Amino acid sequence: KELLLAAMHNYQTDFDQLITTRIALNNSISKMNKAAKAEEEDWEKTFQVIKDSFGLKLEIKMEDPGSVIYKTQPPIMSFAWGKSPVDANTLLNEVLSAGEKRAFDYARLYFDVLSFAKKHQRKIIVFDDVADSFDYANKHAIVEFLSNINKFSNIYTIILTHNFDFFRLVGGRVINSSPSNCFFAVRDPSGRIRLKPGQYFR
């Protein structure tokens, strides 16, 4: 016993370093797990906003959220339409409309917005004629989505459109607290482009 203790004493510094390294590693793993959990929650919030905005009957689940934060592989997703499981190819080719497919493009954007908000980063996002990418029913959905984006105090949106009806919807619902931020771009007799205050909101 004395011989073993003496041998261990000779390597006390190495043992202390090993223990310190193990504690640091455990702390790093704990932080990564917390980050993975937070990112999973952000994806869940994102999917819920997309579902609520576009009225999708789609259920989405990330099977391995840790892979996203650890960057080991692309995340594995499972889908259900209503209560029926559906694979990704069938979902994209047979179930979703063109407008509903576009909703997934905005899912990634909303996820990034959540990340910007956590980091208190100010960003300007330009939406150029987004209404033209959707059918009539989903034009109201994109207005709902823009309203959600506009709730973040660190996000500034510039929304460009040629669609007057969409302009009125956006002015009345997305920025209804500041309709003075809506403008018409018009060309005056000299050929210069000028901004005129918007009106006729609803």
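By class, seven nonpolar residues, no polar residues and one charged residue make up the lining of the largest cavity. This cavity belongs to a predicted model, and the structure holds one cavity of 30 Å³ or more. The space in the largest cavity comes to about 40 Å³. Its lining is formed by Phe 47, Ile 50, Lys 51, Leu 56, Leu 58, Ile 60, Phe 104 and Ala 107. Two or more lining residues are given by each of helix 2 (12–54), strand 1 (58–62) and helix 5 (98–118). Helix 2 contributes the most to this lining, with three residues.

The protein chain has 202 residues, of which 33% count as buried. Its secondary structure consists of seven helices and seven strands, arranged along the sequence in the pattern α-α-β-α-β-β-α-α-β-α-β-α-β-β. Among contacts in the protein chain with a separation of 6 or more, 56% are between residues 24 or more positions apart. The mean pLDDT of the chain is 77, and 76% of the residues reach 70 or more. Confidence is lowest in helix 3 (residues 66–70), where the mean is 55, and highest in strand 4 (residues 123–128), where the mean is 92. Where pLDDT is low, the predicted coordinates should not be read in detail.

The largest pocket holds about 540 Å³ of space. It is lined by 17 residues, and those closest to its centre are Ile 159, Leu 160, Thr 161, Phe 167 and Phe 183. Strand 5 (155–160), helix 7 (164–174) and strand 6 (183–187) each supply at least two residues of the pocket lining. The largest share, four residues, comes from strand 5. In terms of residue class, the pocket lining has twelve nonpolar and five polar residues, and no charged residues.

Helix 7, one of the elements that line the largest pocket, has as its buried residues Phe 166, Phe 167, Leu 169, Val 170, Gly 171, Gly 172 and Val 174. Phe 167 is also among the residues closest to the centre of the largest pocket. The N-terminal end of helix 7 is capped by Asn 163, with a side-chain oxygen of Asn 163 at 3.1 Å from the backbone nitrogen of Asp 165.

Asp 129 is located in the loop between strand 4 and helix 6. With a relative accessible area of 16%, Asp 129 falls under the 20% cut-off and is therefore classed as buried. The phi angle of Asp 129 is positive, at about 50 degrees, although this residue is not a glycine. Residues up to four places away in sequence aside, Asp 129 touches Leu 160, Thr 161 and His 162. Of these, Leu 160 and Thr 161 are among the residues closest to the centre of the largest pocket. With His 162, a polar contact of 2.8 Å is made between the side chain of Asp 129 and the side chain of His 162.

A positive phi is likewise found at His 120, near 55 degrees, again in a residue other than glycine. His 120 lies in the loop between helix 5 and strand 4. The relative accessible area of His 120 is 70%, so this residue counts as exposed, whereas Asp 129 is buried.

Asn 138 lies in helix 6 (residues 136–149). Its relative accessible area is 7%, and Asn 138 is therefore counted as buried. When residues up to four places away in sequence are left out, Asn 138 touches Phe 54, Ser 97, Gly 99 and Glu 100. The C-alpha atoms of Asn 138 and Ser 53 are 8.9 Å apart in space, while the two residues are 85 residues apart in sequence.

Definitions and conventions
Residues numbered from 1 in each chain as written. Predicted model: local features only at pLDDT ≥ 70, side-chain atom pairs only at ≥ 80, totals over all residues. Heavy atoms only, no water. 1 Å grid on protein atoms, 1.4 Å probe; cavity = no way out; pocket = protein on both sides within 12 Å on 5 of 7 lines; lining within 4 Å. Points joined across faces, edges and corners; volume = space filled by probe spheres on them. Nonpolar A, V, L, I, M, F, W, Y, C, P; charged D, E, K, R; others polar. pLDDT = per-residue confidence, 0-100. Buried < 20%, exposed > 50% of the residue type's maximum accessible area, 1.4 Å probe, protein only. Polar contact = N/O pair within 3.5 Å; in protein donor to acceptor, adjacent residues only side chain to side chain. Contact = heavy atoms within 4.5 Å.
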